[in-house]
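Here is a short briefing to read alongside the structure. Please keep the viewer open as you go through the topics below.

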Amino acid sequence: MASRIADPDAMKPYIGSITQALFRTLESTDSGEEIVDLASQVRVHVEGVVGATEFFQSFNEAREEVAKTRQERKRQRVNQAIVDPVQVCAPCVVVLKKTRRGVAQLDLTGKWFPP
């Protein structure tokens, strides 16, 4: 098994999957310090095995794919806001009305809810 890990030809079919996982781990803000350190070590090892040019080409493809996915999600959110702004803004819109018993909340259907 160790010989396959060090063989560049055996590793090339998997380089895309490896670099995608490494990119997401290294760029994540939720990853712990130990995981990021391990990912950095794996990155250095894989780069040494397959070569810097091949590795960074694949790493940049992973970066572009993630950027494209984020851009597409953002475009979908904007389109959804244009098509149905009430549904998109419903969680963030609250209308309050001060009453004798306290503050009442108006939902988007027009019903008042007592405190």
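Accessible areas here come from the Shrake-Rupley method with a 1.4 Å probe. On that basis the chain exposes about 8,900 Å², and carbon and sulfur atoms supply 54% of that area. Do bear in mind that this is a predicted model. Its secondary structure comes to six helices and three strands.

**Overall layout**

- Starting at the N terminus, the elements follow the order α-α-α-α-α-α-β-β-β.
- The chain has 115 residues, and 14% of them count as buried.
- If we take the contacts between residues at least 6 apart in sequence, 38% join residues at least 24 apart.

**The nonpolar core**

- The largest nonpolar core has 12 residues, among them Met11, Ile15, Leu22, Ala39, Val46, Val49, Ala62 and Val66. Helix H3 (15–27), helix H4 (33–50) and helix H5 each supply at least two residues of this core.

**Aromatic pairs**

- Three aromatic pairs turn up when the whole structure is searched. In one of them, the rings of Phe23 and Phe59 have centres 5.5 Å apart and planes at 75°, an angle over the 60 degrees that edge-to-face requires, so the pair is edge-to-face.
- This pair links distant parts of the chain, with Phe23 in helix H3 and Phe59 in helix H5, 36 residues apart.
- Are Phe23 and Phe59 buried or exposed? Both are buried.
- Phe59 also pairs with Phe55: the ring centres lie 5.6 Å apart and the planes meet at 25°, which is under the 30 degrees limit, so this pair is stacked.
- Phe55 and Phe59 are separated by about one helical turn, because they sit four residues apart in helix H5. Both of these residues are buried.
- Taken together, Phe23, Phe55, Phe56 and Phe59 form one aromatic cluster.

**Salt bridges**

- How many salt bridges are there? The count comes to two.
- Arg75 has a relative accessible area of 42%, so it counts as partly exposed. Glu72 is partly exposed too, at 34% relative accessibility.

- Val78, Ile82 and Val83 make a nonpolar surface patch of about 320 Å².
- Val78 is found in helix H5 (residues 52–83).
- With a relative accessibility of 43%, Val78 counts as partly exposed.

How values were computed
Residues numbered from 1 in each chain as written. Predicted model: local features only at pLDDT ≥ 70, side-chain atom pairs only at ≥ 80, totals over all residues. Heavy atoms only, no water. Patch = residues over 30% accessible without salt bridge, like charges linked within 9 Å, V, L, I, M, F, W, Y side chains within 5 Å. Salt bridge = Lys/Arg side-chain N within 4 Å of Asp/Glu carboxyl O. Buried < 20%, exposed > 50% of the residue type's maximum accessible area, 1.4 Å probe, protein only. Core = buried A, V, L, I, M, F, W, Y, C linked by side-chain atoms within 4.5 Å. Phe/Tyr/Trp six-rings, centres within 6.5 Å; stacked < 30°, edge-to-face > 60°. Contact = heavy atoms within 4.5 Å.
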